[in-house]
Amino acid sequence: MNNTKRQHFVPQFYLRHFSANENQIFVFDKIENKAFPSSIASVASAKFFYDWDELNSIAGQQYIETKFSKLEAVVG
């Protein structure tokens, strides 16, 4: 099984509601104080965000990500 590397903490189906074309949204960088367009696939995510070794050893590999993925398929 391939591990999901980029895991979104804000679901992509939710971000698409803020997009004119369902592919890009404008984001604001508070440090640089500037706004710019970015792809939905690359925002609100982090590498292996939901990976939790203790839970994965009990419930299965990438348990949380797998459950969220199934939920997003139904809702999105």
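In the predicted model, His 8 is in contact with Ile 40, Ala 41, Val 43, Ala 44, Ser 45 and Tyr 50, neighbours within four places in sequence being left aside. His 8 belongs to strand S1, which spans residues 6-8. With a relative accessible area of 11%, His 8 is buried, because the cut-off for that class is under 20%. Two polar contacts of the His 8 side chain were computed. One, at 3.4 Å, is made with the side chain of Gln 12. In the other, the His 8 side chain reaches the backbone oxygen of Ala 41 at 3.1 Å.

Ala 44 is placed in the loop between S3 and strand S4, the latter covering residues 45-47. Its relative accessibility is 21%, so Ala 44 counts as partly exposed, a class that lies between the limits of 20% and 50%. A positive phi, of about 55 degrees, is likewise found at Asn 33, which is not a glycine either. Asn 33 lies in the loop that links strand S2 (24-29) with strand S3 (34-39). Asn 33 is exposed, because its relative accessible area of 59% is over the 50% limit.

As for the overall fold, the protein contains three helices and four strands. Read from the N terminus, these elements follow the order β-α-β-β-β-α-α. Among contacts between residues at least 6 apart in sequence, 55% join residues at least 24 apart.

The radius of gyration of the protein is 15 Å, whereas a compact globule of 76 residues would have a value near 11 Å. Along the principal axes, the C-alpha atoms fill a box of roughly 45 × 30 × 15 Å. Of the 76 residues, 17% count as buried, and His 8 is one of the buried residues. The accessible surface comes to about 5900 Å², and carbon and sulfur atoms account for 54% of that area. Charged side chains number 8 positive and 8 negative, and the centres of the two sets are 4 Å apart.

How values were computed: Residues numbered from 1 in each chain as written. Predicted model: local features only at pLDDT ≥ 70, side-chain atom pairs only at ≥ 80, totals over all residues. Heavy atoms only, no water. Helix = DSSP H or I, 4+ residues; strand = E, 2+ residues; numbered from the N terminus. Rg over C-alpha atoms; globule rule 2.2 N^0.38 Å. Buried < 20%, exposed > 50% of the residue type's maximum accessible area, 1.4 Å probe, protein only. Contact = heavy atoms within 4.5 Å. Areas by Shrake-Rupley, 256 points an atom, 1.4 Å probe, with all protein chains shown as cover. Lys, Arg positive; Asp, Glu negative; His and termini not counted. Charge placed at Lys NZ, Arg CZ, Asp CG, Glu CD. Polar contact = N/O pair within 3.5 Å; in protein donor to acceptor, adjacent residues only side chain to side chain.
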